Amino acid sequence: MRAADTSLPHESAHLHVSGQARYVDDVPEPAGTLHAGFGMSVHAHARIKTMDLSAVRAYPGVAAVLTHRDIPGANNYGGIVHDDPLLAEGLVQYHGQPVFLVLADSHHTARRAARLARMEYEVLPAILSVEVALAQQFFIAPPRTITRGDAAAVLTRAPHRITGRTRCGGQDHFYLEGQIALAQPQEDGQMQVLCSTQHPTEVQHIVAHALGRASHAVRVECRRIGGGFGGKESQPALIAAAAAVAAAHTGRAVKLRLDRDDDMRITGKRHPFLLEYDVGFDACGRILAADFMLASDCGYSADLSGPVNDRAICHVDNAYFLEHVTVRNFQCKTHTASNTAFRGFGGPQGMFIIEHAIDCIALQLGFDPLDVRRVNYYGTGAANRPRNQTHYGQTIDDNILDAITDELEASSDYRARRAALRLQNANSPIIKRGIAFTPVKFGISFNATHFNQAGALVHIYKDGSVLLNHGGTEMGQGLFTKVAQVVARELGIDIAQVRSSAADTGKVPNTSATAASSGSDLNGMAARDACRQLKARLAAHAAMLWQVAADSVTFVNGSVCAAGHTMSFAELVNQAWFARVSLSAQGFYATPKIHWDRAAFKGHPFYYFAYGVACTQVAVDTLTGETKIERADLLHDAGTSLNPAIDIGQVEGGFIQGAGWLTSEELCQDAQGRLTTHAPSTYKIPTAADIPPVFNVKLVQQRPNAEDTIYRSKAVGEPPLMLALSVYHAIRDAVASVAHYRAAPQLDAPATPEAVLNAADALRAARTNG
Amino acid sequence: MQPQPIRFVLNGVPHQAAGVDPHVSLLQYLREQLHLTGTKEGCAEGDCGACTVVIGELQTDARSAPGVRLKPINACIRALPTLDGKAVFTVEGLTQADGSLHPVQQAMVDCHASQCGFCTPGFVMSLFALHQNTPQPTRAQAIEALAGNLCRCTGYRPILDAAEAMPGRTGMPAAAPGATSVTPECGAALAHALTPLQRTADFSYSAHGVTFHAPRSIASFSRLAAAHLDAWILAGGTDVGLWINKALQSANMILYTGAVAELTQIAEGDGWLDIGAAVPLDDAFTALNRQYPEYAHLWQRFASPPIRASGTLGGNIANGSPIGDAMPLLIVLGAEVVLRHGDAARTLPLEDLYLDYKKQARAPGEWVERVRIPQRGSVREPALEVAAYKIAKRNEQDISAVCCAIALQRDSGSVQQVRIAFGGMAGIPKRARHAEAALTGAPWSEAGVRAAMAALAHDFTPLSDMRAGAAYRLRVAQNLLLRFFYESAAATPAVAPIDARVIETRVY
């Protein structure tokens, strides 16, 4: 019997490897399907003076061309603030913004025709960087200051003080399956949409608004997506709504599949942040007060930037107690694609600043950065000064940082290797090696309390097979596998008896995005609720049959037993059906204990925290700036893992994705605001050659979640990404060696070869001049 | 001429295609016409590998029995008519008739090597090609074989584990009697199936007003090229595919080099290595490696296995990109190109082919027939020290920010002759004449190299773009001369070696 907490393969693995797993573009197209393509802005900021689409319309194979005037309902896909037009109305605010939509007999025809538009623009001044936006006070939301204690006063009297500025870059999601939707008109003005999305409910709502229809007229379905990483949380609504408007307009099925280049130009990315720190500390490196400035590049509209910035602010502490802290947050507006959710959702950027500051403290004091990190770790409950409350007021009572740090410090042999590398560097003029040990503490739950709910629908058929549906989407993270394991375990049946079905707004309504790492926490519990209802009904029936107490009935190994009686699960199900027992149940879950006052920036937003530690060694070529990860040791907390193989996959995949963010993945734009890294030829995510040749990855053992989550597991989707901060800090350590660890490298992320060489050269120049 | 269909063996079954625009890619054809949707589009430019399929080419080497050579290609940039006479295997073709998984597929499942699954068919096909050609691959071989496949979910470790877990292949099973399809493992049977598809006359295919010509002789090809100046010349298609998919361009006529037998051959002798314009990069590199093994690491980092299996050295040269990685190296080796126009051929030093950005010393209708590289130790090129360095944001499958090649001759401590060429530093691949002059005749010393580094600033005024800034390009170009010196000095027993490379020092 295979069920929960075993390393079952992904429920679709056999379909993935044989090419049988269907994605939206693989579903046979309805007869007469039209293919859509966007006409896009060629300016970052401009007023559209005239738009002559006659050549587009006349192109052979074109069926129709739509502009914002053809949208029957709301021309918007902004989920929170309604400032994202589906198709531009008069004003374009980024290079690549969709302006019109071509419908043609093929994908290729639509794209070719779209290039024939004759547009006249009045070009307006464009703000293309967060620095300029900050200087001009150009924001998507008012600036905010979050404080605890009196950072300003404590800073002035701190024995040591450092200040600095750095930045971390954006990141394209580079899901392998691009954005896509297939909209099919139904009777009576209804619309069915197959969409690659992490958020079917939001797609449903935005399609309904765009069509001027009620939500019940729109059904959105998603069996699986070819990668999301946050990039399919808010962005698919644009694709789906455009396809749906076109389908309603023509009465034909419409598929909108973005070419990779268009996808990268149109859709938002991880927010780049400009960061400043002013930190006071004592002779042990303990932080006494900190003032952080977080300025994010939100792009042209709000999208999810507010929540992303909230999470960034909530994670400027990472693993460290900050008694006196001020965070000044600026959500800068730029004339670029609207930046959006990306695995970590601001958390990585928030952590980036404090890890950077701690590194600088260690260099200033000549300490091992790990010692500075440890002296600042949150406390675990010493009676009078517990040092265990976050700057937003949440008490941390599940802290395992010290224990896992001890464990990885020993297993990675961090101290001895660090000493050996320093000796080695002294005798290696060109190649320098660096090592870093960094922690992660990541808050689990959507910051906004109301999103922390989920539903599930479980049907048992007369043959004992089970069909499972829930609000979560499968994006490769193994959610469907984990929730099916929960169902199998609850009902005491083999996983092969449980089939997961596509997320479908017609089955489980009003779902939250599959995001914030919450998928298995929320949907696992909702499915368990449904199963327990079903079990109660079945147990009651068995109790009646056998004249035993219902609570004595057990469900194990495909059988139902009580007091010497036994019957197969399928047989009991069939008998229950004859007895007119309902074999379908709707489960629901709302995360307990959490609350959040956004205005005060106080509360208990996170049900619990997930922890991890990483130790990474790199080699840096100080003639060229090239880097190579030589070894990484990761120890990550998944509570009592629901599926260790899947969780290890999340840890490794997140780490490598984070390493890409911090090293090779650089987004560039030209002076006109045109993205110049809009394809894998120019935007470089890690390949198999970039992973550490020594890669020791473990889950924390024997530490169940302190909270009552599904079988005491922990969310694992986002937190491991931030373990990659150890890669960036190992590079900094290697670069610092060129100035004998006496000065902090000025190295922003991503640490491309160019950035690394510049940082090393600057240190060498300062050494020579000094 | 009768309209002829494109004929190939698809997943073991003979197949004919007609009425399809010659610009259409194999990927589009598989997905849209045949509804074989296992092969995915991830980027449509040959950079992600989601569309990887394996093709089989009949080897008609007179010295051995006919066999089939299997190699991975990117279906997204492979024009359908170029498959004429070949075998194509897609992910659907690996699964056994009874539905059971191929050992490569099973290894992927067992190792938890798929997450979202979208890249997975491409990985399966790259691993399948590896499995066929290298039955028990090492991890390093697996990494190299997967250089063209991007996965955003797994972090690759389980995929590499799967590559190592693939059971060793034991011989070629015979085709089952009466089988209607041929599995790729049945080499002889596959060769048998391909044999009748081989053509003896020039192949022409037309649809939607576009003609695809695949002449079989240089004379025939050259005649067409001279008569149709606006025709596209198509070799591996690794660049032309992007004209179609990204620039959305089209041609009325496409002239394919790949069926001209003389252009697919490599000849060695008379002091020259002579490589025909249609020789795939992999084969050209294999031949070059025998002469200049110092460059092997550069070829490893040149694009990806599917690109190297399709793309040609002739195409890289004719395309003449300022950032093409082959040119600096061929230039310092003193390579020549043979250009042909109609019946006339002329030979030109490769470096003289490039005049300015996208301007070449080629007349209209003149095309690159072959490239000739001096053999090592030939009269022309005694004892050379050579090196090539590639600087890019990523180790594998990236376009160089700077590519540097050096060929040095020295005796008793001083430089007799040196040639240095760079890609990425100008509008064309270009020699560093000032730096060469600074070194020539000078002692081979760090001071001498530093003088050459300073001189390099007079050779180049590089651009800033998304690959690197101008200042970095110049700085790193200078430093690469220093790297070469350190490595060269390290080769001298009296001098302590200096570890001067990260990327090439593979730790696997």
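Which residue in β15(A) is the bridge partner of A:Ser296? Before we get there, a word on what you are looking at. This is a predicted model, in which local features need pLDDT of at least 70 and side-chain atom pairs count only at pLDDT 80 or more, while totals for chains, interfaces and linings use all residues. Residues are numbered from 1 along each chain as its sequence is written, and chains are lettered from A and ligands numbered from 1 in the order in which they are written. Helices (H or I, at least four residues) and strands (E, at least two) are DSSP runs, numbered from the N terminus.

Let us start with strand β14 (287–297) of chain A. On one hand β14(A) pairs with β13 (residues 273–281) of chain A, antiparallel and over 9 bridges; strands count as paired if DSSP finds at least two bridges between them. A:Gly280 stands opposite A:Ala289 in this pairing. The two strands make a hairpin with 5 residues between them, and A:Gly285 in the turn has a positive phi of about 90 degrees.

β14(A) also pairs with β15 (residues 325–332) of chain A, in the parallel sense and over 8 bridges. Here is the reply to our opening: A:Gln331 is the bridge partner of A:Ser296. Between β14(A) and β15(A) the chain passes through helix α9 (residues 305–314), in a right-handed β-α-β crossover. Right-handed says that, with the strands pointing away from the viewer, the path from the first strand over the helix to the second runs clockwise.

β14(A) is also part of what covers the buried residues of helix α11(A), along with elements including α10 (347–365) and α13 (414–426) of chain A. The buried residues of α11 (residues 369–376) are A:Pro369, A:Leu370, A:Val372, A:Arg373 and A:Asn376. They lie on the same side of the helix because they cover an arc of only 160 degrees around the axis, taken from the directions from the helix axis to the C-beta atoms.

Next, the interior. A nonpolar core is a set of buried Ala, Val, Leu, Ile, Met, Phe, Trp, Tyr and Cys residues joined through C-beta atoms within 7 Å. The largest one has 382 residues, and A:Ala243 and A:Ala244 have the most contacts inside it. Its largest share, 12 residues, comes from helix α7 (residues 236–250) of chain A. Another core, of 43 residues, lies apart from it and has A:Ile460 and A:Tyr711 among its members.

Now turn to chain B, where 70 residues are in contact with 72 residues of chain A; contact here is for C-beta atoms, placed from the backbone, within 7 Å. On the chain B side, α17(B) gives the largest share, 7 residues.

Within chain B, strand β17 (residues 385–391) holds B:Tyr389. This residue counts as buried because it has 28 C-beta neighbours inside 10 Å. Leaving aside neighbours within four places in sequence, B:Tyr389 is in contact with B:Cys404, B:Leu480 and B:Arg483.

Finally, β10 (residues 266–269) and β11 (residues 272–276) of chain B run antiparallel, joined by 4 bridges. They form a hairpin with 2 residues between them, where B:Asp270 has a positive phi of about 55 degrees. β11(B) is also joined by 5 bridges to β16 (residues 367–374) of chain B, again antiparallel.

Note on methods. Buried ≥ 20, exposed ≤ 12 C-beta atoms within 10 Å, placed from the backbone. Contact = placed C-beta atoms within 7 Å.
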